[in-house]
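Work through these exercises with the model open beside you. Each task is followed by a stepwise solution.

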Amino acid sequence: MKVTVVGAGAVGASCAEYIAIKDFASEVVILDIKEGYAEGKAMDLMQTASLNGFDTKITGSTNDYSKTADSHIAVITSGIPRKPGMTREELIGINAGIVKTVSSSLLEHSPNVIIIVVSNPMDTMTYLVHKTTGLPKNRIIGMGGALDSARFKYRLAEAMEAPISDIDGMVIGGHSDKGMVPLTSHATRNSIRVSEFLSDERLEQVAADTKVGGATLTGLLGTSAWYAPGAAVSSMVQAIACDQKKMFPCSTLLDGEYGLKDICIGVPVILGKDGIEKVVDIPLSDAEKAKMKESAAGVSKTNGLLEL
């Protein structure tokens, strides 16, 4: 099992580290355009192998895609990160060109690869990969919902002063500050609805804090977060590599599901060895349906900025 991570920045390196530590891949290749950067990150990570007890081989490459040949899964983190006050949508012009080039270069050497898109604006970049590669939709996956859901569960646990292992919850919709739809009606603590523990006002605050989770961290850090995004990606990669049939909310191309067509947006899916194996249809309240429709309109507007 060979996994490629394109982009050796904080998110890419964190992703590679988590994949290696979980020890399910035979090799992780990190690729970057900056001379020596990926090689340095790979060497630093390999020097933790004996300390962290993994045998995954990590190699780095400066823009040599032949090193990524025969990858089973590739993660695209390339692009400029957000800065304070910046929206994900403002990154579209620069990142679209990068993602288009990266995806075609990956496919040249790994025609059967499954692609996970992390670059922002993520839903639109996932849509771009669909439109420019012609790959079947099960092999193109946008990472957003897994991260947003982790942030949602963190905020719920915080509000209830509960261990996070007690909490289950999901965020669907667009991966943007306005587009996320935290499903408070479905969230539970050990199968009991969180509404039994928290007031409507507190739940609204949890949802609001979840939606600006990335912007909050960008304001504190001065750049995009990396630990949680890396962990989210590694969980998705593991689900595919190990054929776990796990459910994650992921950005996928919809063809009528949830009443939406020709759009990539976050919905629950089953991840296994073939990538997205099934879109899971869950009941939504009227309010959630309205928010999902509004979210889709925002994603479609951003898609319209693409030069396809």
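Buried means under 20% relative accessible area, exposed means over 50%, and partly exposed lies in between (1.4 Å probe, protein chains only). This is a predicted model, in which local features need pLDDT of at least 70 and side-chain atom pairs count only at pLDDT 80 or more, while totals for chains, interfaces and linings use all residues. Residues are numbered from 1 along each chain as its sequence is written, and side-chain values use heavy atoms, with hydrogens and water left out.

**Exercise 1.** Classify Ser-61 as buried or exposed, and list what Ser-61 touches.

Step 1. Locate the residue. Ser-61 sits in strand E3, residues 57–62. Helices (H or I, at least four residues) and strands (E, at least two) are DSSP runs, numbered from the N terminus.

Step 2. Apply the cut-off. Ser-61 has 2% relative accessibility, so it counts as buried.

Step 3. List the partners. Leaving out residues up to four places away in sequence, Ser-61 touches Ile-30, Leu-31, Asp-32, Ala-38, Glu-39 and Lys-67. Contact means heavy atoms within 4.5 Å.

**Exercise 2.** Describe the surroundings of Thr-252.

Step 1. Thr-252 belongs to strand E12, residues 246–255. Its relative accessible area is 2%, so Thr-252 is buried.

Step 2. Check the chain separation. Lys-137 is 115 residues away along the chain, yet the two C-alpha atoms are separated by 7.1 Å.

Step 3. Thr-252 touches Lys-137, and its partners also include Ile-263, Cys-264, Ile-265 and Val-267, with residues up to four places away in sequence not counted.

**Exercise 3.** Which residues carry the UniProt feature "binding site", and where do they lie?

Step 1. Read the record. The unreviewed UniProt entry places this feature at Arg-82, Arg-88, Asn-120 and Arg-151. UniProt positions follow the numbering used here, feature names are shortened, and annotations may be inferred rather than shown by experiment.

Step 2. Compare with the pocket. The lining of the largest pocket includes Arg-82, Arg-88, Asn-120 and Arg-151. On a 1 Å grid over the protein atoms alone, a pocket is an open set of points with protein on both sides within 12 Å along at least five of seven lines; lining residues have an atom within 4 Å of a point.

Step 3. With a relative accessible area of 11%, Arg-151 is buried.

Step 4. Inspect Asn-120. Its peptide bond to Pro-121 is cis, with omega near -5 degrees. Pro-121 lies in the loop between strand E5 (114–117) and helix H5 (122–133).

**Exercise 4.** Describe how H6 packs against H9.

Step 1. Take the geometry. The axes of H6 and helix H9 (residues 227–241) come within 9 Å and cross at roughly 120 degrees. Axes are lines fitted to C-alpha atoms, for helices over the stretch in contact; angles run from 0 to 180 degrees between N-to-C directions.

Step 2. Name the arrangement. H6 is therefore oblique to H9. Angles under 35 degrees count as roughly parallel, over 145 as roughly antiparallel, 65 to 115 as roughly perpendicular, and the rest as oblique.

Step 3. Find the contact. Ala-146, Leu-147 and Arg-151 of H6 meet Ala-228, Pro-229, Ala-232 and Met-236 of H9.

**Exercise 5.** What is the phi of Asp-23, and where is the residue?

Step 1. Asp-23 has a positive phi of about 60 degrees, although it is not a glycine.

Step 2. Asp-23 is in the loop between helix H1 (10–22) and strand E2 (27–32). Its relative accessibility is 35%, so Asp-23 counts as partly exposed.

Conventions: 1 Å grid on protein atoms, 1.4 Å probe; cavity = no way out; pocket = protein on both sides within 12 Å on 5 of 7 lines; lining within 4 Å.
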